[in-house]
2 protein chains.
Amino acid sequence: MKNSRITLKDLAKDLNLSPSTISRALGNHPAISDATKKRVQKMAEELGFRPNSIASSFRKKKTQTIGVIAPRIDIHFHSLVISGIEEFAYNNGYNVTIFQSKDSLKREKEIIKILQNKMVDGIIVCLSIETKNCDHFKKINKLGIPLVFYDRVPTDFDTNKIIINDFESAYLATEHLIKSGCKRVGHISGSQTTNIFKARLEGYKAALKHYKLPVEESLILFTNNLSYEEGVKCAETYLKSTTKPDGIFCANDYTAVSVIQVFRKAGIKIPEDVAIVGFSNYPISKIIEPHLTTINDRAFQMGEAATKLLIRQIEEKDESISSETITLKTELIIRESSIK
Amino acid sequence: MKNSRITLKDLAKDLNLSPSTISRALGNHPAISDATKKRVQKMAEELGFRPNSIASSFRKKKTQTIGVIAPRIDIHFHSLVISGIEEFAYNNGYNVTIFQSKDSLKREKEIIKILQNKMVDGIIVCLSIETKNCDHFKKINKLGIPLVFYDRVPTDFDTNKIIINDFESAYLATEHLIKSGCKRVGHISGSQTTNIFKARLEGYKAALKHYKLPVEESLILFTNNLSYEEGVKCAETYLKSTTKPDGIFCANDYTAVSVIQVFRKAGIKIPEDVAIVGFSNYPISKIIEPHLTTINDRAFQMGEAATKLLIRQIEEKDESISSETITLKTELIIRESSIK
DNA sequence: AACAGTTATGCAAACGTTTGCATAACTATT
DNA sequence: AATAGTTATGCAAACGTTTGCATAACTGTT
């Protein structure tokens, strides 16, 4: 019994055909007769032939592999995006190789090199927090490797991006609070070095202006990374303040949850005294009491859309399109925390 | 300007050396003089040479790639495990290609074939829920491709497994409730077709017996998949029952959280009237009020351990070890929900 | 000066698949 | 019966790297 795996040559010898015919038969090439195709397929099945995709990739210069760089995999948002990527890729004959940049620029650059070595057909990226300059991605782009960014995307070069409309989402959330009867709407914001949090702040302000409410700087609190702990601090700041809000739009669900808990402990009723809206529709938003009104940021769909766009760019013959930005619709999910 | 990428041959021509020398120089082969190595490295750097790993994999029959099959990526437990896998693999020069079985046996089998075609060096798997028979994995094993299972592992064949001690963890959790003064400890259990939930039930019973408490069947409730909703139903069942528990060990955190919420709404004080312990240390356990006592199931470490074992098996020359089972230590994290 | 031993490099084949081109074997048309 | 057209198959090269073996150029020993 031979130890090594069956190759096209083995099949060829057994069937008295040439390897090229076998290759074409299995690839359903039109020039091969149906009779031969049947014979080949049957024999391949019998011998348990497994085509060597490495050899195929090597020859075709096409790996059917997509590289993904996310800051971390264990953050729910990213795990949802990656799930969407894997699902869409799988259904279209592509495989997914994942890397965590750990929000390190150095590691991001290392990964880019590895992906280049591995000859992936395309790359999907959410930028590391440290990345201010995208030259390493521009290089990749020059080499003709398709690139799609999601969520945290570069501003300094024209490329493919999948984003949500943070401005509009924030506007919607704030408008909802106003329409629920809030007169003094606060905002807990993320780092202003990140565009998405800037946009959320702007959307919030725009809604206030549209409804002729004053933008009070004392009602806007800033955090570094919107952690649960920072949320607690913000809540305490609001509590100490003389001019308390009667509604708060939080830039993520973690801070929203911490505000709910701190306020409740302080005897403030949610939503009666203060209405709360979060952002991202994290699992906890359905569990916290009262259930949290929030924005569905469509993470899974983001992964799907990124992959769809990437594959189109990979397979596109037409080189006329150089870049594309897709903005996904978000959705305000109204739950108890905001219904006065 | 040439359009295609630089190869060993290009470097060879430029330096008046043979491709083999270039290959060895870059691979730091001892037979190459330091002077030559320096020259080669410098030129490679200058021309931006990127070694073609596909060609290398093809020639060496080694892809430096690990295939991972998880039921889904967007479940927190699995995203943590995968994070551990990626981290350990990356630090040891391996890449990770991920697949979701979606708990479908058919898809699991398809993926196995793809991984075989792709010539991955090894595979890490958490079995799909539908998988009762592991013949497709046995085949892989016969071909000499190293295989490591985690969490949901096969019982019908001898292979590499990373598990936690569910029995002991459940014993610890139950013992803790008993020592906190509970006299009537209930248990919300998962599907008994899954070994880990069987083991948790057994551990619970063993603790009761050890402390001379009766095992009351009416206090043990069964669910299909330990969902939040099923937890709510269990809580309601307990409420209606004439013989209520004063402590409950839940087989996961979701059901524990739902019990806390339903009981609190019914005016039952947690932990004073009923103490609660969960399982898995989900993020929500630190947020729910009262904070949930639970078992740290070491998901990240599980991923690391699986990868470490797999890489050892890949690189091991010694064929004498055929299989290994590693049991990770868990940890009881005591929080407010169980302190009477 | 002859030889053995060491050091550095090159040659050429191999890995398994794909594909442009050639060609053989038919079929249909005059 | 000769020709053109079609259909099915084979030949051989190529993709970029690695590696066993050969060999050339030294160094040191007698």
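The following legends describe close-up views of a predicted model that contains chain A and chain B.

**Figure 1. The interface between chain B and chain A.** In this view, 45 residues of chain B are in contact with 45 residues of chain A. The size of an interface is often expressed as the accessible area that is lost when the parts come together. For chain B and chain A, the buried area is about 4600 Å², and carbon and sulfur atoms give 54% of this area. Ile54(B), Tyr90(B) and Ile287(B) together supply 15% of the area that chain B buries against chain A, more than any other three residues.

**Figure 2. Polar contacts and the elements of chain B at the interface.** Across the interface of chain B and chain A, 29 residue pairs are in polar contact, both residues being at pLDDT 80 or more. Two or more residues on the side of chain B that touches chain A come from each of α4 (53-60), α5 (76-91), β2 (95-100), α6 (105-117) and α11 (253-265) of chain B. Helix α5(B) gives the largest share of this side, namely eight residues. Sorted by class, the side of chain B that touches chain A has 19 nonpolar, 14 polar and 12 charged residues.

Figure 3. Side chains of opposite charge can pair when their charged atoms come close. Over all chains, the count is 31 salt bridges, and between chain B and chain A the count is eight. In one salt bridge, Lys102(B) pairs with Glu87(A), and the closest N and O atoms are 2.7 Å apart. This pair crosses between chains: Lys102(B) is in the loop between β2 and α6 of chain B, and Glu87(A) is in helix α5 (residues 76-91) of chain A. The side chain of Arg107(B) also meets that of Glu87(A) in a salt bridge, at 3.2 Å from N to O.

**Figure 4. Strand pairing between the chains.** Strand β2 (residues 95-100) of chain A pairs with β2(B) in the antiparallel sense. The pairing extends over three bridges. Thr97(A) has Thr97(B), in β2(B), as its bridge partner.

**Figure 5. Domain 2 and domain 3 of chain A.** The domain assignment divides chain A into domain 1 (8-51), domain 2 (65-164 + 300-329) and domain 3 (166-297 + 333-338). The C-alpha centres of domain 2 and domain 3 of chain A lie 31 Å apart. Eight residues from domain 2 of chain A and nine residues from domain 3 of chain A take part in the contact. The area buried between these two domains is about 790 Å², of which carbon and sulfur atoms give 55%. His76(A), Phe77(A) and Ile164(A) supply 58% of the area that domain 2 of chain A buries against domain 3 of chain A, more than any other three residues. Between domain 2 and domain 3 of chain A, the count is zero salt bridges and one residue pair in polar contact, with both residues at pLDDT 80 or more.

**Figure 6. Backbone features in loops.** A cis peptide bond joins Glu289(A) to Pro290(A), with omega at about -5°. Pro290(A) lies in the loop between β9 (275-277) and β10 (294-296) of chain A. In chain B, the peptide bond from Ile270(B) to Pro271(B) is cis, with omega near 5°, and Pro271(B) is in the loop between α11 and β9 (275-277). Arg298(A) is not a glycine, yet its phi is positive, near 60°; this residue is in the loop between β10 and α12 (299-315) of chain A. Arg298(B), likewise not a glycine, has a positive phi of about 60°.

Notes
Residues numbered from 1 in each chain as written. Chains lettered and ligands numbered in written order. Predicted model: local features only at pLDDT ≥ 70, side-chain atom pairs only at ≥ 80, totals over all residues. Heavy atoms only, no water. Contact = heavy atoms within 4.5 Å. Buried area = accessible area lost by both parts, 1.4 Å probe. Salt bridge = Lys/Arg side-chain N within 4 Å of Asp/Glu carboxyl O. Polar contact = N/O pair within 3.5 Å; in protein donor to acceptor, adjacent residues only side chain to side chain. Helix = DSSP H or I, 4+ residues; strand = E, 2+ residues; numbered from the N terminus. Nonpolar A, V, L, I, M, F, W, Y, C, P; charged D, E, K, R; others polar. Pairing = 2+ DSSP bridges. Domains from an automatic or database assignment.
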